[in-house]
Amino acid sequence: MDLLNTLVDKGLRRELPTREEALAVLATSDDELLDVVAAAGKVRRHWFGRRVKLNYLVNLKSGLCPEDCSYCSQRLGSKADILKYTWLKPDEASQAAAAGLAGGAKRVCLVASGRGPTDRDVDRVSETIKAIKEQNEGVEVCACLGLLSDGQAERLREAGADAYNHNLNTSEGTYADITTTHTYADRVDTVTKAHAAGLSACSGLIAGMGESDEDLVDVVFSLRELDPDSVPVNFLIPFEGTPLAKEWNLTPQRCLRILAMVRFVCPDVEVRIAGGREVHLRTMQPLALHLANSIFLGDYLTSEGQAGKADLEMIADAGFEVEGAGEVTLPEHRANTAGGCGSHASAGGCGSHEGAEDCGSHATAGGCGSHEGGVCGTAAPVPAAGEPRTDLVAVRRRGAGTDLAPNA
């Protein structure tokens, strides 16, 4: 297929595809899907081998956000029955982080709901970063606190933060359709502030909100121009109690095409499968490892993911290996120039504490790691083919903010 050969050649040279080529990837047929995965897999292996980076989310402050992002279970007016709690203490956050690190994660993503941090919040998070780093040698820490004011990124860097995450989420042309309390430009500004402070920038998107192929290509091309080290790809979890609860637009095949397009446009960055992978990729998750080189381990912000042990088994069974703490994530040409953690790993990424659960959607998959609607040991009926998989969505009831052990 000439298109795929061209895209592989461009990916190996870090050359930007044309918009027409990116759109053509999204338009390929199911019969061509494995060819698309194989082609994008060549680009992924060229830059990242068969390594999979594990990241672990700690939700420092859950719910009660004043922003109105339509995709988020923590939004203003959300009726989703999620955990709600104020700031975790530094030692509580460090204990939560330790569970993920013990499970193989090398990056901890500290997320807090809200428009953006106050200076006192930055002090609080700074203390948490120091506590985690004192107790876990070599750990990378990414902060995801919303919109940053002048000087806050520098203070986080001084406290030991390696990266900062803030997602663009969708195209500039459609951004006002999903959020009215801040702008697309506000988000770009925060990523720029993180870059300027020497932090490794992480910024991604949410797919499945009813956007067009053109919108997806627009946001990914914007990300390429913004040049983050890490691009988390969230797949919307239509959480009951949010405005997008009825938006079940994704299939496993669609998700794989989106990941392939992102890899072709951003060939040498850390592409992370973030919120929604269990819900929308389902049994095709292992194929996605040929496209992305990073995932979240265990649970997300307000929803539960598959068991951490199942994540590790999936990686091994698919012929990949967990990236070690001493291994460099980014290719040499990026690692030598990246801010913050570029010398030992790429940007981490929460998603932007409002996305699809990578701090980015506040709603992924399923209960007790078994995807049974959150009820341990009692399987919910599986919907017919093509029906919404609400059985795979479970509110997080364990880990940070609870007395129960985390999933890692």
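Two strands count as paired if DSSP finds at least two bridges between them. With that in hand, here is a look around this structure, which is a predicted model.

**Strands 2 and 3**

Let's start with a pair of strands. Strand 2 (residues 107-112) and strand 3 run parallel, and five bridges join them. Across this pairing, Cys109 faces Cys142, with the latter sitting in strand 3. Both of these cysteines are tucked away: Cys109 is buried at a relative accessible area of 0%, and Cys142 is buried too, with 0% relative accessibility. A disulfide would be a covalent bond between the sulfur atoms of two cysteines.

Strand 3 itself covers residues 140-144, and because five of its five residues are buried, it is largely enclosed by the rest of the structure. Which residues lie on each side of it? On one side you'll find Glu140, Cys142 and Cys144, and on the other Val141 and Ala143; they are all buried, so both faces of strand 3 are covered.

**Helix 2**

Next up is helix 2, which takes in residues 19-26. Its buried residues are Glu21, Ala22, Val25 and Leu26. Because these residues cover an arc of only 145 degrees around the axis, they end up on the same side of helix 2.

**Rings and a charge**

Now for the aromatic side chains.

| Pair | Centre to centre | Angle between planes | Arrangement |
|---|---|---|---|
| Tyr175 and Tyr184 | 6.1 Å | 65 degrees | edge-to-face |
| Phe296 and Tyr300 | 6.4 Å | 70 degrees | edge-to-face |

The charged end of Arg50 sits over the ring of Phe320, at 4.4 Å from the ring's centre.

How values were computed: Residues are numbered from 1 along each chain as its sequence is written. This is a predicted model: local features need pLDDT of at least 70, side-chain atom pairs count only at pLDDT 80 or more; totals for chains, interfaces and linings use all residues. Side-chain values use heavy atoms; hydrogens and water are left out. Buried means under 20% relative accessible area, exposed over 50%, partly exposed in between (1.4 Å probe, protein chains only). Rings of Phe, Tyr and Trp (its six-membered ring) pair if their centres lie within 6.5 Å; planes under 30 degrees apart count as stacked, over 60 as edge-to-face and the rest as tilted. A charge sits over a ring if NZ of Lys or CZ of Arg is within 6 Å of the ring centre and within 35 degrees of the ring normal. Helices (H or I, at least four residues) and strands (E, at least two) are DSSP runs, numbered from the N terminus. The arc is that of the directions from the helix axis to the C-beta atoms.
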